[in-house]
Amino acid sequence: ASSSPYYPRGVKASLWIHLPFAVSTLVLWAVVIVRALRHFPSPPQPNHHSASHIFWARLAALDMALTAVTGWVFYWLAFVAA
(Lines give C-alpha, C1' and ligand atoms only; values in the text may rest on other atoms or scores of the structure.)
Protein backbone atom coordinates (compact mmCIF):
# COMPACT_ATOMS: atom_id res chain seq x y z
CA ALA A 1 0.00 0.00 0.00
CA SER A 2 2.97 2.34 0.49
CA SER A 3 3.24 2.85 -3.30
CA SER A 4 -0.32 4.22 -3.45
CA PRO A 5 -0.65 7.97 -4.02
CA TYR A 6 -3.24 7.91 -1.22
CA TYR A 7 -0.86 6.39 1.34
CA PRO A 8 -0.86 6.91 4.27
CA ARG A 9 -3.72 9.31 4.83
CA GLY A 10 -6.46 8.03 2.49
CA VAL A 11 -5.55 4.37 2.86
CA LYS A 12 -5.53 4.47 6.65
CA ALA A 13 -8.72 6.54 6.80
CA SER A 14 -10.55 4.08 4.53
CA LEU A 15 -9.33 1.17 6.63
CA TRP A 16 -10.56 2.80 9.84
CA ILE A 17 -13.95 3.37 8.19
CA HIS A 18 -14.08 -0.24 6.95
CA LEU A 19 -13.11 -1.99 10.18
CA PRO A 20 -16.17 -1.04 12.31
CA PHE A 21 -18.46 -2.38 9.59
CA ALA A 22 -16.45 -5.60 9.28
CA VAL A 23 -16.36 -6.26 13.03
CA SER A 24 -20.01 -5.37 13.62
CA THR A 25 -21.04 -7.64 10.72
CA LEU A 26 -19.36 -10.59 12.41
CA VAL A 27 -21.08 -9.82 15.71
CA LEU A 28 -24.51 -9.19 14.16
CA TRP A 29 -24.50 -12.41 12.14
CA ALA A 30 -23.42 -14.41 15.17
CA VAL A 31 -26.27 -12.90 17.20
CA VAL A 32 -28.84 -13.51 14.43
CA ILE A 33 -27.79 -17.15 14.03
CA VAL A 34 -27.61 -17.96 17.74
CA ARG A 35 -30.98 -16.32 18.44
CA ALA A 36 -32.55 -18.18 15.50
CA LEU A 37 -31.25 -21.50 16.79
CA ARG A 38 -32.67 -20.76 20.24
CA HIS A 39 -36.06 -19.32 19.29
CA PHE A 40 -37.19 -21.19 16.17
CA PRO A 41 -38.57 -24.73 16.40
CA SER A 42 -37.29 -27.63 14.36
CA PRO A 43 -38.27 -27.62 11.55
CA PRO A 44 -38.23 -23.81 11.36
CA GLN A 45 -41.54 -22.04 11.02
CA PRO A 46 -42.85 -18.52 11.68
CA ASN A 47 -43.50 -17.70 15.35
CA HIS A 48 -43.19 -14.91 17.93
CA HIS A 49 -39.48 -14.45 17.09
CA SER A 50 -40.02 -13.87 13.36
CA ALA A 51 -40.39 -10.07 13.48
CA SER A 52 -37.25 -9.65 15.57
CA HIS A 53 -35.34 -12.07 13.33
CA ILE A 54 -36.33 -10.16 10.20
CA PHE A 55 -35.23 -6.82 11.70
CA TRP A 56 -31.82 -8.06 12.90
CA ALA A 57 -31.16 -10.12 9.77
CA ARG A 58 -31.87 -7.12 7.52
CA LEU A 59 -29.61 -4.95 9.68
CA ALA A 60 -26.86 -7.58 9.43
CA ALA A 61 -27.32 -7.78 5.64
CA LEU A 62 -27.07 -4.00 5.32
CA ASP A 63 -23.96 -4.04 7.48
CA MET A 64 -22.48 -6.77 5.28
CA ALA A 65 -23.16 -4.67 2.16
CA LEU A 66 -21.44 -1.67 3.77
CA THR A 67 -18.52 -3.93 4.70
CA ALA A 68 -18.20 -4.93 1.05
CA VAL A 69 -18.38 -1.37 -0.29
CA THR A 70 -15.90 0.04 2.22
CA GLY A 71 -13.62 -2.95 1.61
CA TRP A 72 -13.63 -2.25 -2.14
CA VAL A 73 -12.81 1.40 -1.50
CA PHE A 74 -9.94 0.44 0.79
CA TYR A 75 -8.62 -2.10 -1.73
CA TRP A 76 -8.77 0.39 -4.58
CA LEU A 77 -7.06 3.15 -2.60
CA ALA A 78 -4.37 0.83 -1.25
CA PHE A 79 -3.56 -1.41 -4.20
CA VAL A 80 -5.14 -0.33 -7.48
CA ALA A 81 -4.62 3.44 -7.55
CA ALA A 82 -0.87 3.21 -8.03
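This is a predicted model: local features need pLDDT of at least 70, side-chain atom pairs count only at pLDDT 80 or more; totals for chains, interfaces and linings use all residues.
Phe 21 is found in helix α1. Leaving aside residues up to four places away in sequence, Phe 21 is in contact with Asp 63, Leu 66, Thr 67 and Thr 70.

With 33% relative accessibility, Leu 19 counts as partly exposed. The separation between the C-alpha atoms of Leu 19 and Ser 3 is 22 Å, at 16 residues apart along the chain.

The secondary structure of the protein consists of 2 helices and 0 strands. The radius of gyration is 18 Å, well over the 12 Å that the globule rule gives for 82 residues, so the protein is more spread out than a compact globule. Taken along the principal axes, the box filled by the C-alpha atoms is roughly 55 × 15 × 15 Å. Buried residues make up 26% of the 82 residues of the protein. The accessible surface comes to about 5,900 Å², and carbon and sulfur atoms account for 74% of this area. Of the contacts between residues at least 6 apart in sequence, 72% join residues at least 24 apart.

The segment before α1 contains Ser 4. Ser 4 has a relative accessible area of 5% and is therefore buried, the limit for that class being under 20%. Not counting residues up to four places away in sequence, the residues touched by Ser 4 are Val 11, Leu 77, Ala 78 and Ala 81. Ser 4 and Val 80 are 76 residues apart in sequence, and their C-alpha atoms are 7.8 Å apart in space.

The bond from Tyr 7 to Pro 8 is cis, with omega near 0 degrees, and Pro 8 is placed in the segment before α1. Ser 42 and Pro 43 are likewise joined by a cis peptide bond, for which omega is about 0 degrees. Pro 43 belongs to the loop between α1 and α2.

Aromatic side chains were examined next. A pair of aromatic rings is described by the distance of the centres and the angle of the planes. The structure holds 4 aromatic pairs. In one of these, Phe 74 and Phe 79 are arranged edge-to-face, with 6.2 Å from centre to centre and 85 degrees between the planes. Phe 74 is buried, since its relative accessibility of 18% falls under the 20% limit. Phe 79, by contrast, has a relative accessible area of 47% and is partly exposed. The rings of Tyr 75 and Phe 79 have their centres 5.5 Å apart and their planes at 50 degrees, so this pair is tilted. Tyr 75 and Phe 79 are separated by about one helical turn, because they are 4 residues apart in helix α2. Phe 74, Tyr 75 and Phe 79 together form one aromatic cluster.

Tyr 75 and Phe 79 also contribute to a nonpolar surface patch of about 540 Å², whose other members are Tyr 6, Trp 76 and Val 80. Trp 76 lies in helix α2, which spans residues 50-80. The relative accessible area of Trp 76 is 42%, so this residue is partly exposed. Val 80 of the patch is the residue whose C-alpha atom lies 7.8 Å from that of Ser 4.

Definitions and conventions: Residues are numbered from 1 along each chain as its sequence is written. Side-chain values use heavy atoms; hydrogens and water are left out. Patches are made of residues with over 30% relative accessible area and no salt bridge: like charges are joined within 9 Å, nonpolar side chains (Val, Leu, Ile, Met, Phe, Trp, Tyr) within 5 Å. Accessible areas come from the Shrake-Rupley method with a 1.4 Å probe; for residues, only the protein chains shown count as cover. A salt bridge is a side-chain nitrogen of Lys or Arg within 4 Å of a carboxyl oxygen of Asp or Glu. Buried means under 20% relative accessible area, exposed over 50%, partly exposed in between (1.4 Å probe, protein chains only). Rings of Phe, Tyr and Trp (its six-membered ring) pair if their centres lie within 6.5 Å; planes under 30 degrees apart count as stacked, over 60 as edge-to-face and the rest as tilted. The radius of gyration is taken over C-alpha atoms; the globule rule is 2.2 Å times the number of residues to the power 0.38. Contact means heavy atoms within 4.5 Å.
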